[in-house]
Amino acid sequence: MKEIEEKNIETENNLSQVTAPLPTREEQGGGSVGSSPLPLWEGQGSGPVGSSPLPLREGQGSRPVGGGSVGSSSLPLREGEVRVRVLFIDRDGTILREPADEQIDSFEKFHFVPGVISALRFLRQHTDYRFVMVSNQDGLGTPAYPEDTFWPTHNLMLEILEGEGVTFDDILIDRSFPEDNLPTRKPGTGMLTAYMDGSCDLAHSFVIGDRPSDAQLAANLGCQAIVLSPSSPAASPSPAASPSPSSPLTCAVSGGLSAGAAILVPSWDKAVEIIYAGPRRATVTRTTRETDIAITLNLDGTGQSHIATGLGFFDHMLEQIAKHGSIDLDIHVNGDLHVDEHHTIEDTALALGEALLQALGDKRGIERYGFSTDSTSPAVPPSVCAGSGTAVASAAYTLPMDDSLCSVALDFGGRPWLVWDAKFHRERVGEMPTEMFLHFFKSLSDAARMNLNIKAEGQNEHHKIEGIFKALARAIRMAVCRDIHHMQLPSSKGVL
Ligand SMILES: [Mg+2]
């Protein structure tokens, strides 16, 4: 290993940082390559890479070389700041589309991820988060990935973003290969020691990326993770659409990172909403002598669910709420089914309603009303729920299911009420008594403190109740939409 030179640099932010020379791959005998926290702008030399919290511009002068190992320093605080909140932002697959060969080394491969520019611009304008780019660039500087194929597109990306008011406080790039196992490579935190000395509010910071390694980095830092998953069900309106086996969503789950650990989002719009207005999750446990219930719910999810109530048909119905409501929902119930189904269904509704109420929080910015009705009703303008992708487009549509037609309207106005206009002639559908359908929605309305108006017509009992659950899911999806440009309480009373 080449001898490390240390030097303090005074930057525009009065930040002193330890830097070290970057050993080339050749110097290391083709083995591990050191990482550097800073990209050079074209013209600053192709060899060593400097280390600084701000990316240099051409003409700003050269910097002492850095890399190999990254020094740490205290993060400077702006006037009035107590602790800094940071967005650690991945590059490939998050800012720029990642090509199949995972190497953006030509302008033909240069494409922004949809929505990223406006999203970062909004966050720059409306939040105080520091922006830190963190990227693995496997073998950068080797013959397989020459420097002169990397910097032109990287610099163009920075120029375009800066033109939109988006600048980065720090850019950290690791050049090693996975087999090098360097601590600087994500999900390692070796490049981020400056952010781990207590000067940052990591618990309220985010890692934004597209891979399980980004979520793992967040876990290693103690941050929250937002993983872009554009192939998730929420982004794919077709019922037949599902994540491909190699999709980030599937990877995140199969990699042991559940939705509880990382917030999976279908788009940058949803990521911005969560960062700006906060996640909307709830965990409810409800234990009595009759039932033991655990529910986790994420209103800003992608429709993932794990339901186990002991009643197959009931599970199927609750899955509709997750799938068509774009809600991540885990429900596990151990009920006294040896008595009958009543307590299990009733208590699940109460716990689910409580989870909805908790996750909604103060309800600022939400649409509040939701409905799924026939096509003669006026559609809600798409602008009211830009962050939800296809949600609004699917809200003002007829919800038929073969012979049946169902409508659900709701109001998260803080008061319970149920209007029920649906008749069932069979005693049961699956293991679920049809008399419990009304009771489920009454209990749900009570606990969530929402008005619920339900109507259904048709011949097939299975179709009718499934249509009701789907319509309820769509209505919830509409009602919980948040408009981060109007974070007002949707009530003239001042409280909901
Ligand atoms: Mg990535």
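**Group meeting: a walk through the predicted model**

Let me open with one residue. Lysine 363 sits in the loop between helix 7 and strand 13 (369-372). Helices (H or I, at least four residues) and strands (E, at least two) are DSSP runs, numbered from the N terminus. Phi of lysine 363 is near 70°, a positive value in a residue that is not glycine. Most residues other than glycine have a negative phi, and most peptide bonds are trans. Is lysine 363 buried or exposed? It counts as buried, with 20 C-beta neighbours inside 10 Å. The cut-offs: buried takes 20 or more other C-beta atoms within 10 Å of the residue's own, exposed takes 12 or fewer, and partly exposed is in between, with C-beta atoms placed from the backbone.

Now the ground rules. This is a predicted model: local features need pLDDT of at least 70, side-chain atom pairs count only at pLDDT 80 or more, and totals for chains, interfaces and linings use all residues. Residues are numbered from 1 along each chain as its sequence is written.

The overall picture next. The chain has nine helices and 19 strands. Of its 496 residues, 48% are buried. Take contacts between residues at least 6 apart in sequence: 73% of them join residues at least 24 apart. Contact here means that two C-beta atoms, placed from the backbone, lie within 7 Å.

On to helix 5, residues 268-277. Helix 5 is mostly covered, with seven of its ten residues buried. Those are Trp268, Lys270, Ala271, Val272, Glu273, Ile274 and Ile275. What do they pack against? Helix 1 (116-126), strand 6 (206-209), strand 7 (224-228) and strand 8 (262-265).

Axes are lines fitted to C-alpha atoms, for helices over the stretch in contact, and angles run from 0 to 180 degrees between N-to-C directions. Which residues meet? From helix 1, Val116, Ala119, Phe122, Leu123 and His126; from helix 5, Trp268, Asp269, Ala271, Val272, Ile275 and Tyr276. By class, that contact has nine nonpolar, one polar and one charged residues. Nonpolar covers Ala, Val, Leu, Ile, Met, Phe, Trp, Tyr, Cys and Pro; charged covers Asp, Glu, Lys and Arg; the others, Gly among them, are polar.

Leucine 161 counts as buried, with 21 C-beta neighbours inside 10 Å. Beyond its neighbours within four places in sequence, leucine 161 contacts Ile117, Leu120 and Val166. Isoleucine 117 is 44 residues away in sequence, yet 6.6 Å away in space, C-alpha to C-alpha.

Four strands form an open sheet in the order 9-10-12-11, with mixed pairing. Strand 9 (281-287) and strand 11 (305-308) are at the edges with a single partner strand each, so one side of each has no neighbour in the sheet. The twist averages 5° from one strand to the next. Two strands pair if DSSP finds at least two bridges between them.

How do strand 10 and strand 12 run? Strand 10 (residues 291-298) and strand 12 (residues 328-335) run antiparallel, joined by eight bridges. Aspartate 292 stands opposite asparagine 334. Asparagine 298 stands opposite aspartate 328. Strand 11 and strand 12 pair in the parallel sense, over four bridges. There, alanine 308 has histidine 332 as its bridge partner.

Helix 6 (residues 312-325) lies across strand 11 and strand 12, at about 160° to strand 11. Helix 7 (residues 342-360) lies across strand 9, strand 10 and strand 12, at about 35° to strand 10.

Last, two backbone details. Serine 326 lies in the loop between helix 6 and strand 12. Its phi is near 55°, again positive in a residue other than glycine. Serine 326 is buried, with 29 other C-beta atoms within 10 Å. And where is the cis peptide bond? It joins lysine 186 and proline 187, with omega about 10°. Proline 187 is in the loop between strand 5 (170-174) and strand 6.
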